[in-house]
Amino acid sequence: MANLIKIENYYPDAASLGRLYDYIMSHAAEAGSYGCEVNYAIQQMLAVKHVFGKTQYRQLRHYVFSVKAWELDIIHGYDGLLNIGWLVGTALKEYQILYGLHINTSFPHIHILINTTSYVTGGQLRNDNGMLFRIKYAVEKTYPKLNVDLRWSDPHSPVNRLDEAVAVSYTHLTLPTT
């Protein structure tokens, strides 16, 4: 069964965006985006937050979508797994999204970074659990033979911590003030 996992972290500052971006990109076999450009995703997300004055709130939401190797046949391989990142974008429509395909574990997966500030209205992404169900239904509608299970990570789990070297490289980032 495929898993959509909500990573339970607060991600309070601009450095959080940079650290997660680096983590996703450093392990990505391929990456994509929705509402922003892959190579400038962090700058564009920070610009949206600055324009709408949302620099002091949760900066991002982080999800992992994983499948078992045999489920790749159902979704048309790695291209289909990468397409799930695009489906998240179309399900959420007004939020910038970066996603990266990781094939460095026994479960192929994508990491999904979502800017919590809408680039259309400036509103904050609030109903996180409702959003999980929207994503689940979008994926299952596109791939009807795929069953998606919703999961939440333990906030104290090591999956919520990124490499210390990556963390140090983004300590200089700050959100612009309005």
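Tutor: Helices (H or I, at least four residues) and strands (E, at least two) are DSSP runs, numbered from the N terminus. This is a predicted model, in which local features need pLDDT of at least 70 and side-chain atom pairs count only at pLDDT 80 or more, while totals for chains, interfaces and linings use all residues. Residues are numbered from 1 along each chain as its sequence is written, and side-chain values use heavy atoms, with hydrogens and water left out.

The chain has five helices and six strands, and read from the N terminus these elements follow the order β-α-β-α-β-α-β-β-α-β-α. Of the 178 residues in the chain, 52% are buried (under 20% relative accessible area, 1.4 Å probe, protein chains only).

For the close look, take helix H3, residues 77-92, and helix H4, residues 128-142, whose axes lie 9 Å apart and meet at an angle of about 125° (axes are lines fitted to C-alpha atoms over the stretch in contact, and angles run from 0 to 180 degrees between N-to-C directions). On the side of H3, Asn83, Ile84, Leu87, Val88, Ala91 and Leu92 make the contact, and on the side of H4, Met131, Arg134, Ile135, Ala138, Val139 and Thr142 do, contact meaning heavy atoms within 4.5 Å. Sorted by class, this contact of H3 with H4 holds nine nonpolar residues, two polar ones and one charged one, with Ala, Val, Leu, Ile, Met, Phe, Trp, Tyr, Cys and Pro counted as nonpolar, Asp, Glu, Lys and Arg as charged, and the others, Gly among them, as polar.

Notes. Buried < 20%, exposed > 50% of the residue type's maximum accessible area, 1.4 Å probe, protein only.
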